[in-house]
Amino acid sequence: MTDERVRRLADMIRIRLFEERCAELYGQMKIRGFLHLAVGEEAIAAGVIPQLSADDAIFATYREHGHALVRGVGADRIMAEMFGKIEGCSGGRGGSMHLFDASTRFYGGNAIVGAHLPLAVGHALADKMQGHDGRATVCFFGEGAMAEGEFHEALNLAVLWQLPVLFCCENNLYAMGTSLASSESQTDLALKASSYQLPAWSVDGMDVDAMAKAARDALDIVRSSDGPVFLECRTYRFRAHSMFDPDLYRTKAEIEQWKLRDPIVTHTSRLIADALVTEAEVEQLWAEARSEIEAAVAAAERGTDEGVETLTRHVYAPDVGVPSSAVGPSGETA
Ligand SMILES: Cc1ncc(C[n+]2csc(CCOP(=O)(O)OP(=O)(O)O)c2C)c(N)n1
Ligand SMILES: [Mg+2]
């Protein structure tokens with residue numbers, strides 16, 4: 001089953017199972033800190049990321065487990081990171097919100113809303129200045145980031161300097177408990193972005209094939225013109241914003257309505273109708289994903305906790321310790 005449409009289903013299933021398992025592990029306090037799940041939004045990562053080449057780069061938000069998985073970071077290294085173990089992709093220092101893997105050019109996992117848009121633009125500028133023609137930088141962000149100053153600064157410079165960035169807005173209609181309609185005067189996000197004079201359009205973010213096509217078209221423009229493109233991916237998160245969110249700002253009926261458009265269910269039906277998979281093969285995809293994730297959980301359980309003696313490592317510089325100039329006459333430190 002090597003068809004790319006089947007692979008998209010496999011990727012969405014891997015993301016769904018990985019995240020549902022994380023929710024369970026959070027309840028057992030095996031995963032601590034913050035946890036933001038993208039259940040319902042899988043079609044975006046599964047549609048866009050396979051269109052990238054190994055030389056392209058990705059910047060994402062804290063709702064990025066699926067993006068890392070599809071990029072090939074490895075379920076075991078991601079799960080170990082969720083557990084805070086040394087074997088994690090960020091050495092256990094990042095956790096859920098800060099997955100990072102330079103070897104696949106996966107540059108986070110960024111927790112500050114909007115802050116990674118300028119990073120993505122800077123990265124694309126570096127590619128351009130170093131003559132890496134044809135490389136793209138993809139930046140995923142929520143619609144909440146479009147209310148931040150960084151969004152405007154990033155789009156402005158990306159267009160002004162014609163930088164190869166694909167801006168992928170994951171519009172799930174809410175920024176924590178704040179609805180788009182209650183916070184933005186312009187809710188047509190492609191229109192809003194296009195005021196910066198770049199190609200911008202909206203895509204059904206619940207349709208993985210539509211996402212793949214939009215990403216391919218957008219990347220063709222980015223690579224051929226070296227200029228940025230903006231995609232608004234219309235989606236919805238089925239779960240709360242994070243594990244701390246009582247989810248009281250939207251109705252159960254609204255959530256149920258969107259669940260009828262579950263991208264995994266829709267795509268499965270289409271693949272079966274197109275005779276690309278059988279029901280038994282779909283079952284097999286779920287079983288394979290389940291065993292991949294269970295193996296990752298088992299490895300994370302066996303993983304290594306970092307010793308307290310390494311507490312200051314990576315803080316400013318490796319193993320420098322406290323410089324003598326910073327120690328006062330009575331031995332106190334600044
Ligand atoms: C600069 C900044 N302000 C506030 C927060 C707190 N915060 C975390 S997630 C979030 C909502 C962001 O919503 P959106 O960009 O739509 O992404 P989503 O969570 O819906 O994927 C907020 C306000 C933050 N992390 N950074
Ligand atoms: Mg949002």
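**View 1. Y196 sits in the loop between α8 (189-194) and β7 (200-204).** Helices (H or I, at least four residues) and strands (E, at least two) are DSSP runs, numbered from the N terminus. This is a predicted model, with local features needing pLDDT of at least 70 and side-chain atom pairs counted only at pLDDT 80 or more, while totals for chains, interfaces and linings use all residues. Residues are numbered from 1 along each chain as its sequence is written, with chains lettered from A and ligands numbered from 1 in the order in which they are written. Y196 has 19 other C-beta atoms within 10 Å, so it comes out as partly exposed. The cut-offs, with C-beta atoms placed from the backbone: 20 or more other C-beta atoms within 10 Å of a residue's own is buried, 12 or fewer is exposed, and in between is partly exposed. Leaving aside neighbours within four places in sequence, Y196 is in contact with L155, N156 and V159; contact here takes C-beta atoms, placed from the backbone, that lie within 7 Å. Y196 and L157 are 39 residues apart in sequence, yet their C-alpha atoms are 9.4 Å apart.

**View 2. Strand β4 (residues 165-171) is largely enclosed by the rest of the structure, because 7 of its 7 residues are buried.** Both faces are covered: V165, F167, C169 and N171 are buried on one side, and L166, C168 and E170 on the other. On one flank, strand β3 (residues 137-142) runs parallel to β4 and is joined to it by 6 bridges; strands pair if DSSP finds at least two bridges between them. T137 stands opposite V165 in β4. To get from β3 to β4 the chain goes through helix α6 (residues 149-160), a right-handed β-α-β crossover (with the strands pointing away from the viewer, the path from the first strand over the helix to the second runs clockwise). Strand β8 (residues 229-234) also runs parallel to β4, again with 6 bridges, and L166 stands opposite V229 in β8.

**View 3. The largest nonpolar core has 86 residues.** Such a core is a set of buried Ala, Val, Leu, Ile, Met, Phe, Trp, Tyr and Cys residues joined through C-beta atoms within 7 Å. C139, L166, C168, M211 and L231 have the most contacts inside it. Helix α9 (residues 208-225) supplies the largest share, 8 residues. Zoom in on C168: past its neighbours within four places in sequence, its contacts are I44, V48, V138, C139, F140, L231 and C233.

**View 4. Ligand 1 has 16 residues around it.** V113, G142, G144, A175 and M176 come nearest; a residue counts as near if its C-beta atom, placed from the backbone, lies within 6 Å. The shell splits into 7 nonpolar, 6 polar and 3 charged residues (Ala, Val, Leu, Ile, Met, Phe, Trp, Tyr, Cys and Pro are nonpolar, Asp, Glu, Lys and Arg charged, and the others, Gly among them, polar).

**View 5. R105 and D247 have positive phi without being glycines.** R105, in the loop between α4 (75-82) and β2 (106-109), has phi near 55°. D247 has phi of about 60° and is found in the loop between β8 and α10 (252-259).

**View 6. T304 lies in the segment after α12 (279-302).** With 11 C-beta neighbours inside 10 Å, T304 counts as exposed. Leaving aside neighbours within four places in sequence, T304 is in contact with K85, I86 and E87.

Definitions and conventions: Two residues are in contact if their C-beta atoms, placed from the backbone, lie within 7 Å.
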